[in-house]
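The following note was prepared for a colleague who asked for a reading of this model. Please have the coordinates open while going through the points.

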Amino acid sequence: MEKFVEYIVKSLVDDKERVTVYSVRQGDLTSIHVKTAPGDLGKIIGISGRIAQSIRVLVAARAAENAKNIKVCIDEQ
């Protein structure tokens with residue numbers, strides 16, 4: 001799932017080299033953390049968080065196929 005999120009994020013940003021995606025597992029929940037360059041952060045979040053919400057919906061749909069519980073977190077670098 002990390003590769004899927006990384007592909008989406010790298011498609012949206014200008015500085016693809018500064019994109020970092022990693023996951024942390026806590027019991028049943030897997031958190032996928034995304035870090036980008038400060039200038040690209042707004043491109044990932046979008047106006048009123050619409051792009052971030054869309055990324056989360058895509059990940060949730062893909063996770064539902066495998067019956068997994070995944071959360072996407074966007075972090076500052």
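This is a predicted model: local features need pLDDT of at least 70, side-chain atom pairs count only at pLDDT 80 or more; totals for chains, interfaces and linings use all residues.

1. Sheet architecture. The model contains an open sheet of three strands in the order β1-β2-β3, and the pairing is mixed. Strands β1 (20–26) and β3 (69–75) are the edge strands; each has a single partner strand, so one side of each lacks a neighbour in the sheet. Direction ignored, neighbouring strands of this sheet are turned against each other by 20 degrees on average.

2. Pairing of β2 with β3. These two strands run in the parallel sense and are joined over seven bridges. Within this pairing, H33 stands opposite C73 in β3.

3. Helix α1 comprises residues 2–12. The helix lies across β1 and β2, and α1 runs at about 145 degrees to β1.

4. Nonpolar core. How many residues make up the largest nonpolar core? The count is 14 residues, and V5, V9, V21, V34, I55 and V59 have the most contacts inside this core. The elements giving two or more residues to the core are α1, β2, α3 (50–65) and β3. As background, nonpolar side chains tend to be buried together in soluble globular proteins.

5. V5. This residue of helix α1 has a relative accessibility of 0% and therefore counts as buried. Neighbours within four places in sequence aside, V5 is in contact with V21, I32, V34 and V59. Among these partners, V21, V34 and V59 are also listed with V5 as residues with the most contacts inside the core. V5 and H33 are 28 residues apart in sequence, while their C-alpha atoms are 9.4 Å apart in space.

6. H33. Is H33 buried or exposed? H33, which is found in strand β2, counts as buried because its relative accessibility is 15%, and the limit for buried is under 20%. The side chains of H33 and D75 are joined by a polar contact of 2.9 Å. Not counting residues up to four places away in sequence, H33 touches T20, V21, Y22, V24, C73 and D75. C73 in this list is the residue that H33 stands opposite in β3, and D75 is its polar partner.

7. T30. Strand β2 (residues 29–35) also holds T30. With a relative accessible area of 17%, T30 is buried, since the limit is under 20%. Residues up to four places away in sequence aside, T30 touches S23, V24, R25, N69, I70 and K71. T30 and M1 are 29 residues apart in sequence, and the C-alpha to C-alpha distance between them is 10.0 Å.

8. Salt bridge within α1. A search of the whole structure finds three salt bridges. One of them joins the side chains of K10 and E6, at 3.0 Å from N to O. Both K10 and E6 lie in helix α1, four residues apart, which corresponds to about one turn of the helix. K10 has a relative accessibility of 28% and therefore counts as partly exposed.

9. Salt bridge between K43 and D14. The closest N and O atoms of this pair are 2.2 Å apart. The pair links distant parts of the chain, with K43 in helix α2 (residues 41–45) and D14 in the loop between α1 and β1, 29 residues apart. At 60% relative accessibility D14 counts as exposed, whereas K43 counts as partly exposed at 32%.

10. D40 counts as buried because its relative accessibility is 4%. Which residues are linked in a network of salt bridges? They are D14, D40 and K43.

Notes
Residues are numbered from 1 along each chain as its sequence is written. Side-chain values use heavy atoms; hydrogens and water are left out. Buried means under 20% relative accessible area, exposed over 50%, partly exposed in between (1.4 Å probe, protein chains only). Contact means heavy atoms within 4.5 Å. Two strands pair if DSSP finds at least two bridges between them. Axes are lines fitted to C-alpha atoms, for helices over the stretch in contact, and angles run from 0 to 180 degrees between N-to-C directions. A salt bridge is a side-chain nitrogen of Lys or Arg within 4 Å of a carboxyl oxygen of Asp or Glu. A nonpolar core is a set of buried Ala, Val, Leu, Ile, Met, Phe, Trp, Tyr and Cys residues joined through side-chain atoms within 4.5 Å. A polar contact is a pair of N or O atoms within 3.5 Å; within protein, one must be able to donate a hydrogen and the other to accept it, and residues adjacent in sequence count only if both atoms are side-chain atoms.
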